[in-house]
Amino acid sequence: MREIEVKYRVDDLEGLLAALKARSIEVSGPLHQDDQAYAPAGWQFGDGKLGVSFLRLRTVAGRHYFTLKQPAQNDQACLEYETEVTDREAMHHAALHLGYQPTVRIIKTRRTASIGGCSLCIDEVEGVGGFIEAERMASDDADAQAVQAELAALIESLGNVVTRVAETYDSLVHAARDIPA
């Protein structure tokens, strides 16, 4: 199975939340997420991502999750494995010993909802801004572009979105960090 998603920048998160409520779409309360992203040693931002395995350590409400993502057809159509771990620090050292290097820290507040068989993530990412993602799990042989077109139509029907974004949060945070003040 692969996770296939689309992401949009949102200038007015409160307006988006109001639009979801008006459609009777129940949105969760906000949760703080602290993600550390990792890439294979030697990989740098700007290098290709397709077929490369990336790691993430996430902490939410005191619980830690280890994730491997490998982009397949594009950066937002990934083979994904995730499991809970009890010791974030031990998993961090294991990632280093596996030949991975920390890249960026992604801190965000996330709200979630479900609609039309997919998950919505409404995120406020520190230093980057507001976003909405639609995600769906699909079979390995699914046409990622067709699924992404369906997800995009769903998101665009909600209104209040500004621009579709092809980059992942790690790339967006990295780019924002490298912009001179």
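This is a predicted model: local features need pLDDT of at least 70, side-chain atom pairs count only at pLDDT 80 or more; totals for chains, interfaces and linings use all residues.
Reader: How many salt bridges does a search of the whole structure find?

Author: A salt bridge requires a side-chain nitrogen of Lys or Arg within 4 Å of a carboxyl oxygen of Asp or Glu. When the whole structure is searched, the number of salt bridges found is 14.

Reader: K7 forms a salt bridge with E133; how many residues apart in sequence are the parts that this pair ties together?

Author: In the salt bridge between K7 and E133, the closest N and O atoms are 3.2 Å apart. K7 belongs to strand 1, whereas E133 belongs to strand 8 (residues 129-138), so the pair ties together parts whose separation in sequence is 126 residues.

Reader: Is K7 buried or exposed?

Author: A residue counts as buried when its relative accessible area is under 20%. The relative accessibility of K7 is 1%, so K7 is buried.

Reader: Which residues are linked with K7 and E133 in a network of salt bridges?

Author: The pair K7 and E133 forms a salt bridge. Both residues also belong to a network of salt bridges, in which they are linked with E5, R110 and D123.

Reader: With which residue does R88 form a salt bridge?

Author: R88 lies in helix 2 (residues 88-97) and its partner lies in strand 2, so the pair ties together parts that are 54 residues apart in sequence. Both partners are buried. The closest N and O atoms are 3.8 Å apart, and the partner of R88 is D34.

Reader: What is the distance between the closest N and O atoms in the salt bridge of R58 with D35?

Author: R58 is in strand 3 and D35 is in strand 2, so that distant parts of the chain, 23 residues apart, are linked. Both R58 and D35 are buried. In this salt bridge the closest N and O atoms lie at a distance of 2.8 Å.

Reader: With which side chain does the side chain of Q148 make a polar contact?

Author: Q148 is part of helix 3 (residues 144-157). Its relative accessibility is 5%, so Q148 counts as buried. At 2.8 Å, the side chain of Q148 makes a polar contact with the side chain of N74.

Reader: Which residues gather with D11 in a patch of negative charge on the surface?

Author: D11 is located in the loop between strand 1 (2-10) and helix 1 (13-22). Its relative accessible area is 66%, so D11 is exposed. The patch of negative charge on the surface contains D11 together with D12, E14, E124 and E126.

Reader: Where is S24, a residue other than glycine with a positive phi?

Author: The phi of S24 is near 60 degrees. With a relative accessible area of 69%, S24 is exposed. Its place is in the loop between helix 1 and strand 2 (31-40).

Reader: What distance separates the C-alpha atoms of H32 and G62?

Author: H32 is in strand 2 and counts as partly exposed because its relative accessibility is 47%. H32 and G62 are 30 residues apart along the chain, and the separation of their C-alpha atoms is 10.0 Å.

Notes. Residues are numbered from 1 along each chain as its sequence is written. Side-chain values use heavy atoms; hydrogens and water are left out. Patches are made of residues with over 30% relative accessible area and no salt bridge: like charges are joined within 9 Å, nonpolar side chains (Val, Leu, Ile, Met, Phe, Trp, Tyr) within 5 Å. Accessible areas come from the Shrake-Rupley method with a 1.4 Å probe; for residues, only the protein chains shown count as cover. Lys and Arg count as positive and Asp and Glu as negative; His and the chain ends are not counted. The place of a charge is taken as NZ of Lys, CZ of Arg, CG of Asp or CD of Glu. Helices (H or I, at least four residues) and strands (E, at least two) are DSSP runs, numbered from the N terminus. Buried means under 20% relative accessible area, exposed over 50%, partly exposed in between (1.4 Å probe, protein chains only). A polar contact is a pair of N or O atoms within 3.5 Å; within protein, one must be able to donate a hydrogen and the other to accept it, and residues adjacent in sequence count only if both atoms are side-chain atoms.
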